[in-house]
Amino acid sequence: MKTESRLEKVLQAGHFAVTAECGPPKGSDVSRLEEKGQLLLGKVDAVNVTDNQTAIVRMSSVAACSILKSMGHEPILQMVTRDRNRIALQSDLFGAYALGLRNVLCLTGDHQTFGNQREAIGVFDLDSIQLIRTVRDMRDQGKIIGGDNIQGPPKMFIGAAENPFADPMRWRVVRLAKKVEAGADFIQTQCVFNMERFDDFMRQAREVGLTEKVYIIAGITPFKSPGMARYMATRVAGMDVPEDLINRMTGVPKEKQAEEGIKIAVETIEKVREIKGVAGIHLMAIEWEQKVPEILKAAGLENRPFV
Amino acid sequence: MIVAELKQISEIRKMIDRYSSILVVGCDSCVAECASGGNRETMLLAAALRLSYKNDNKYPIITVACLDRQCVDDFIDRIAHQVPEHEVVLSLGCGAGVQALARVYTDKPIIPALDTLFIGETEMRGVWQENCLGCGQCKLGYFGAVCPVTRCSKKLMNGPCGGSKNGRCEVHPDIPCGWDMIIRRLDALGELDRLSEYVPPVDWSTSHSGGPRRVVREDQKP
């Protein structure tokens, strides 16, 4: 064990892990966050707390993680390099660990032009891979960038994202290898819709031995409606939604569409579980957290291991 | 070269309406190449201003001059006799030109007529592309002569982000993905191996992050 992370324990024990996303509120409303947190409590092994996702201003990820932790959750702190330079990122890592957080997901972040602060400066002092290395050097060498020693180094279980569906296709596994080499302990992938391409990505990862070195957790997002499926296909950066899934959503009557979306998600979970090297799933039920227990039950994942 | 664009006449007028004599000064270097501040564009701007003022029944004195370079004293001196005869200088130089004129003509208001955009190249007639941010530590040799600092919208040093799709950047479909360009070019050169190595955080202290930069070379001083 590299850390005190509960997620690391679950994965190391060989359990099929379940994580879910919990986006902080667009303000300081703690009760909204607690409501969402309550829906997921005891249902998942860890909960990802997004960092101003799609560049929309929300409650700080560190603060929201801390609130969720006090509820009994195991938070995964998402950190993007878009908004903070290396001074702020490293400082927040110290603070996050001091607050009891043990997992971090290192990301570059969606470009600021996507969000509600389009005129903002994009920091991008570090890229996600450099952030991964930074967190690892903090943990394993007790040093910050530049080599200064840390008083009480944060020992984080380090995550990274990978998008098997972005281009250039043959570069994706090279980039995954770079992230693992830099220090990623686990990977959470972009939402899997294109199963063929995901399967191919996992095959390539296995071929170069990456599944032995890193836990790969497959991203799952249920469609609420055909509109959402189409929106994700055309408007969300890095998504790959095959036409036949959109057709499935449009092909059922309106009152059955949400049900169909959940059915697709459950089928996807079942398929990714069959793929060798997939260590768990990451459920991103965007503003639909109340459906997480139902999806997990249908997929036979409702009982979380006690570690 | 420096690429710039002409401001709207309305914005220029907001800055110069208080004066009754205007010296419009072009720059026949970079901004001539990008067709925004050369001799021709300076004449056109003066004509447009005259017309705009005429519509308001105003007739300020508008004189035109054009320097070979607005950022070098030897050239700047050539309008020394005209500057005192006008209340304001409207410069079609880049930001460097405007500030150089202000340094030389200390008692004269110098107003920019252009928005200075970037260091770039003329890709084809009518198309200019940004391709250098002047970071102070050129790494083009490692990236197939495609700059990740400039051509990647997120300045990524270790490969494309998850938003690269069909060779296009997530920011806008009109923007080619810089990393897609890097990979294609290195692949064509048989040098893809250059990309497997981890690139540590960039030292931005040589960029503008280190404060305004200045080069002093004793061997070049008079």
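First, the ground rules. Residues count from 1 along each chain as its sequence is written, while chains are lettered from A and ligands numbered from 1 in the order in which they are written. The model is predicted, so to speak of local features we need pLDDT of at least 70, side-chain atom pairs count only at pLDDT 80 or more, and totals for chains, interfaces and linings use all residues.

Chain A, then. It has 11 helices and 8 strands. Those are DSSP runs numbered from the N terminus: H or I of at least four residues for helices, E of at least two for strands. The C-alpha atoms of chain A fill a box of roughly 60 × 45 × 45 Å along the principal axes.

Buried residues make up 50% of the 307 in chain A. Buried means 20 or more other C-beta atoms within 10 Å of a residue's own; exposed means 12 or fewer; partly exposed is in between; C-beta atoms are placed from the backbone. Of the chain A contacts with a separation of 6 or more, 79% join residues 24 or more positions apart. A contact is two C-beta atoms, placed from the backbone, within 7 Å.

Now some backbone details. A cis peptide bond joins A:D167 and A:P168, with omega about -10 degrees. A:P168 sits in the loop between β5 (157–162) and α6 (171–182) of chain A.

Two non-glycine residues have positive phi. A:A55 is near 60 degrees, in the loop between β2 (46–49) and α3 (61–70) of chain A. B:N57 is at about 60 degrees, in the loop between α3 (39–55) and β3 (61–67) of chain B. Buried or exposed? A:A55 is buried, because it has 20 C-beta neighbours inside 10 Å. B:N57 is exposed, with 6 other C-beta atoms within 10 Å.

Next, helix α5 (95–104) of chain B. B:G97, B:V98, B:A100 and B:L101 are buried there.

Last, the interface. It takes 27 residues from chain A and 24 from chain B.
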